[in-house]
Amino acid sequence: MSTPQEPAARTARPIEAREMGRSVVRRDGRAKVTGAATYAAEHAQDALHAVVVQSTIARGRVTAVVSAEALAHPGVVEVLDHTNAVRLEDTSDRELAVLQDDRVGFRGQVVAVVLAESLEAAREGAALVHVSYDAEQHRAELRPEDATDAPEQVNAGYPTDTDEGDLDAAMARAAVTVEQTYATPYQHNNPMEPHATIARWDEGADRPLVLHDSTQGVHAVARTVAPLFGLEPTQVQVLAPYVGGGFGSKGLPHCHEVVAALAARAVPGRSVKLVLTRQQLFALAGYRTATISRMRLGADRDGRISAVGHEVLEQTSAIKEFAEQTATITRMMYAGEHRRTSHRLARLDVAVPSWMRAPGEMPGSHALEVAMDELAGAAGVDPVALRELNDPPRSPEGGLPWNHRRLVECLHRGAERFGWSSRTAAPRSTLDGDWWVGTGVASSTYPTYVMPGNQARVTALGGGRYRVEVGAVDIGTGAWTVLAQVAADALGCPVASVEVDIASTDLPAATVAGGSSGTSSWGGAIAAAAEQFREDHGEHPSPGAQTTAGGAADPRHEEHAMHSFGAVFAEARVHRWTGEVRVPRLLGVYSVGRIVNPVLARSQFLGAMTMGLGAALLEESVRDPRFGHVVTQDLASYHVATHADVHDLEVEWLDESDTLATPMGSRGIGEIGIVGTSAAIANATHHATGIRVRSLPLTPDHFLDAPATVGGR
């Protein structure tokens, strides 16, 4: 039996698809709809309840925490603050170094935590904790003049700046130019299941800390939390069998996991349950930063681009840097010899931003694709034709050949399905009753990520059945089901003969469910493990035969520009008296490699496009710079798309298999659907009204008392 502790990674051979490509019913569906699925907060019903006390200043120091009244409350067991909480071994990450000193870095920071026998007692106890502060002057408003610092790095390890050719000279020579600024607002992830953790310490155990956590990556939580408490990652067990969404907010550990572990350390033998409220998510669980993009496009009279510039101003937290890769999409999307991109930050006294679905690509694509629409208007070129004209044969960033770039096919197929040929060229030319009607298009793209460090274990159960184990997390995307399909084809058996076990650090290492990399990375590890299993045990393994192996990206990835592409078409109707915007039709056509499970994939695309619709029309977190906090702290004031907002929503994908990307022939699909969607809608509103709105969301006030011209405003 082969069970190496650290198996070497291998690149698996392509898998023949038998079970992949079928709409297999999701394995966790019945458990979820019947309430049998157990989420993080539903374990350990005898746990103590924790409620955090948050700072009411944005910058300064805590001078006193008076907890006597709270401790006298019936049911309250303990109150922790910076004076009595366990000292962490590592406090370099100030977001996670909770209750370690008296410094306050943003409004809403955790300054105390109350433990009680009931949630009601904990909440009442928290209200009885009195905190005094020495407040300092803070900055909490994103202003262009303040965003002057270059980040140490931008998310995903991309270079901060790029500069090729002479952009300024190329712009001066261009016959047609666009120089405009586009803005996207703060946005919050708001998964249906709030962030929750149950922690328990057992000092005498091999794994003294156990966490039931709502997370996108159990191994990532263990690696992050363990060193804070002087433990090895193998000494922390993290379990997350069911997760009610994340959209990136659960991809990185936040302070609540540390708070739960600190609280449990203070009450040996008891579990501690911490569930953040909807309001607390707006300060403690990350968000998408606002962005200000200065776009510069220069082209000849036919629309052939020669100059591309994208300068981004965005915000980070003074206590911890996080910079979205907003301009990276502009580096590779369209042809153009002279190119410059940059990222600059304003370091504000606010909560720490983090991942939100397609971080960087979503706001960056909005700026680029609206600028492309403006360029099409200025050059008198159809927007679809403009994108086709500037489709590069090789990646403009580095000159590498594409793995699969079928953007033009997506544009043509979408245009055919959408009826683009009947579109009137002039904006503000179609009035249906009291509604101006227009259509718009935008391109979509997302990088193909295959993360290193993934492993899988295959065990023969006898009778042609197998168990496949990998420490992945299903955040609602269908990993339980899709990984079984991948395993079945890799092992050459029916999907019904495969058991899948995921979502525990007891299982082989797996990377986070993020970056649209889950199926690609975990599936590649399963394919490698199945291949190694067959080499180890043959075609007729004995029951109990077992192999663990790691998957690796195809080395040819380094020789190719690895991306997926798509095209989004939108119809917008804008009421001429009220400015109300409706989107009766939205179509996405995508090139994403093989679709492993069509019914689950369709759900992913539609969900992402709906999120893009929400970003276009509704989503905006409003921060009060006087006090430093977000005031839209619930789903009554932070608006997301509902059934009434979603009308005719369609998705289609090209038939293909990209075995350069993964052994399954698939690429990631979770995020590409949000990229470009808001731009297509914004472009449609301009076509409908002649009013060019360059900031999100597209609220009715933008379309009232504005000049109705082709150039917009």
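User: Is Thr 662 buried or exposed?

Analyst: This is a predicted model, in which local features need pLDDT of at least 70 and side-chain atom pairs count only at pLDDT 80 or more, while totals for chains, interfaces and linings use all residues. Residues are numbered from 1 along each chain as its sequence is written, and side-chain values use heavy atoms, with hydrogens and water left out. A residue is called buried under 20% relative accessible area, exposed over 50% and partly exposed in between, using a 1.4 Å probe and protein chains only. Thr 662 has a relative accessible area of 2%, so the residue counts as buried.

User: Which backbone oxygen does the side chain of Thr 662 reach?

Analyst: Thr 662 lies in the loop between strand E27 (648-653) and helix H15 (677-689), where helices (H or I, at least four residues) and strands (E, at least two) are DSSP runs numbered from the N terminus. Leaving aside neighbours within four places in sequence, Thr 662 is in contact (heavy atoms within 4.5 Å) with Val 450 and Ser 520. At a distance of 2.9 Å, the side chain reaches the backbone oxygen of Ser 666.

User: At what distance does the side chain of His 138 reach the backbone oxygen of Pro 625?

Analyst: His 138 is found in the loop between strand E7 (130-135) and E8, and at 18% relative accessibility this residue counts as buried. Beyond the neighbours within four places in sequence, its contacts include Ala 58, Asp 349, Pro 625 and Phe 627. The distance from the side chain of His 138 to the backbone oxygen of Pro 625 is 3.0 Å.

User: Why is one side of E8 and of E9 left without a neighbour in the sheet?

Analyst: The open sheet has five strands in the order E8-E16-E15-E14-E9, with mixed pairing, and two strands pair if DSSP finds at least two bridges between them. Strand E8 (162-164) and strand E9 (176-184) stand at the edges, so the reason is that each has a single partner strand.

User: Which residue in E16 stands opposite Glu 314?

Analyst: Strand E15 (residues 305-317) and strand E16 (residues 338-348) pair in the parallel sense, and 11 bridges join them. Opposite Glu 314, the residue that stands in E16 is Leu 345.

User: Through which helix does the chain cross from E11 to E12?

Analyst: E11 and strand E12 (residues 236-239) run parallel and are joined by four bridges, with His 212 having Leu 239 in E12 as its bridge partner. The β-α-β crossover is right-handed, meaning that, with the strands pointing away from the viewer, the path from the first strand over the helix to the second runs clockwise. The helix through which the chain crosses, spanning residues 218-228, is H5.

User: How many of the 11 residues of H5 are buried?

Analyst: The buried residues of H5 include Val 218, Ala 222 and Leu 228, and what covers the buried residues includes E11, E12 and helix H6 (255-266). H5 is mostly covered, and the count of its buried residues is eight.

User: How far apart are the end C-alpha atoms of helix H13?

Analyst: The expected span of a helix is 1.5 Å times one less than its number of residues, and for the 20 residues of H13 (residues 518-537) this comes to 28 Å.

Terms used: A polar contact is a pair of N or O atoms within 3.5 Å; within protein, one must be able to donate a hydrogen and the other to accept it, and residues adjacent in sequence count only if both atoms are side-chain atoms.
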